[in-house]
Amino acid sequence: MPDDIFGDPLPPEQRPARKRQLTDRDQRTRLQRIEDCLDYPMIYELAEHLPAPHQVGCPPQYPPLVYLLLASLMPVTGSKRSAAAHLSSDLLWRRLHTAVRRHAGRLAAARLPDTAPSRGQYLYAEHHLLAPATDLLTDVFEHHAVRQALAQGLFPPTAVRTWARPQRRQLIVGDATVPKAPSKAEHPTTLDPATGRLLRHRVDPAARLYYENGETRPRPARGTKWFFASGRDDGYWRRVILTYAHVAGGAYEDEAAVAVRSFTTLATRLPGCMGVVYDGALRGVHRDTLARAGLLAINKQHGSVRPMAYELLRFGACRHDLWCDQGRIAERLLLDDGTSVLRPVPVTRLEHRPGRTRSRWYHLLDIPCRRGNHPHRVPVAITTTPADRAVRDTVTGRRARSDTERGFHRAEHLQQIPEPTLAHQHLYPWRADSESVHNQFDQSLWNQRMISYGLDRQKVFVLAFALAHNATSHRIFQNDRIHSRVPSGAGHGPAPAGPGT
Ligand SMILES: [Zn+2]
């Protein structure tokens, strides 16, 4: 289709392969990842928000920092037992001393005992010190993660914005995953069918049944569901996890609501963010909220959306029968044999008009016509209600009915970046990045099962996972700067605001 800003989609055989290749600099051993955590300034800043151990009944010889560092090693080593064992080695306990001296001062390091805490001491501290503070720690984490992302050149506030072709570092990617519950048991006791004896089981009180991939073939998964949002440029480890949240409800809708809330909050902290990439869980109603907040919502059209008539345009002697099809306006053309086809109308511009309280989005169409093409502007992505500012009919001057009064779900039918286009083919696969977050999450779990029982302790683990991930991202970014000797954000246009600015 000529002159369409989104471009024609490529057939499957011509699409570029997206297999991820880890570069040498992105290879990370377990020992390196442990050191990334020990040297991650954010953990030291988070620890300052924790109460003193004696206030919560923990042995006073270990500062809260030690327990938080130990927690961050769990997703690296795969279990609490192995994290505690690693830290108790002379080498790593000395490394921890050195890191504490560097990040928290000589006095803090001098107060540390000669040996690492035991797993039992950690479990006690996890329950009494870390778990009660997870909500506070999550807030502080999000604040710092945004700062880290900006410092690493993501979401540059002053970069050029091309709405039809955003860059990878200008988009947030999100998805939710369900790690398996720590035990398969659903009931605390069962009867052994062979002996008739009562068997006792440990049950995860937080686990419930979720249905993943809700649209096509629902796959049941028992566990707890976690939403992650992240941003990245090129480079696997350079991704920064921006936020995470527990999804309590089992319905697909619940996940989308958590995602939309997280995205809109993040967007206020990341003015350079242009939008989000998400899977089919976002329906029109969710895209509507994101579009009003000035964000692109790049996702797939729901399979149940069918073509529908939009409006019959009359320009003098000619008529153009416009329909909604595959997320955009198409013209219905009658064929000689009495049938009809829907031909997409070229979009010359995706227009974003930011308002004081909400944004508006338009497709500028160039309707092909043998009497000369007709330019035409169509609002997209937002289903207007009577509460929205009224649109006037250009001919009669009367107030036009809102979409909800017309019974037209515009956000479901007209997408900012329609799916069957080259632009969508280019942007949507970045969502696969969230799958690699999940992949890494699964691999961080012993036996690929959640390693803690109960939501409070699992929240500690998910925070620890996000910390450990961002610790490596931070380190890799620092290493790259040392190797290339360029200042933060260089090569990305104007330098973004760094920490402390
Ligand atoms: Zn015409």
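Modeller: In this predicted model, 12 residues of domain 1 are in contact with 15 residues of domain 2. On the side of domain 1 that touches domain 2, 5 residues are nonpolar, 2 are polar and 5 are charged. Domain 1 covers 26-300 + 419-490, and domain 2 covers 308-415. Their C-alpha centres lie 42 Å apart.

Now turn to the nonpolar core. In soluble globular proteins, nonpolar side chains tend to be buried together. The largest nonpolar core here has 114 residues. Cys37, Tyr67, Leu69, Leu70, Phe263 and Val276 touch the most other members. Both domain 1 and domain 2 give residues to this core, so it lies between them.

Take Leu69 from that group. Leaving aside residues up to four places away in sequence, Leu69 touches Cys37, Leu38, Ile43 and Leu96. Cys37 is also among the core residues that touch the most other members.

Helix 9 spans residues 252-269, and helix 10 spans residues 284-292. They pack at an angle of about 5°, with their axes 10 Å apart. An angle under 35 degrees counts as roughly parallel, and therefore helix 9 and helix 10 are roughly parallel to each other.

Notes:
Residues numbered from 1 in each chain as written. Predicted model: local features only at pLDDT ≥ 70, side-chain atom pairs only at ≥ 80, totals over all residues. Axes fitted to C-alpha atoms, helices over the stretch in contact; angles between N-to-C directions. Helix = DSSP H or I, 4+ residues; strand = E, 2+ residues; numbered from the N terminus. Parallel < 35°, antiparallel > 145°, perpendicular 65-115°, else oblique. Core = buried A, V, L, I, M, F, W, Y, C linked by C-beta atoms within 7 Å. Buried ≥ 20, exposed ≤ 12 C-beta atoms within 10 Å, placed from the backbone. Domains from an automatic or database assignment. Contact = placed C-beta atoms within 7 Å. Nonpolar A, V, L, I, M, F, W, Y, C, P; charged D, E, K, R; others polar.
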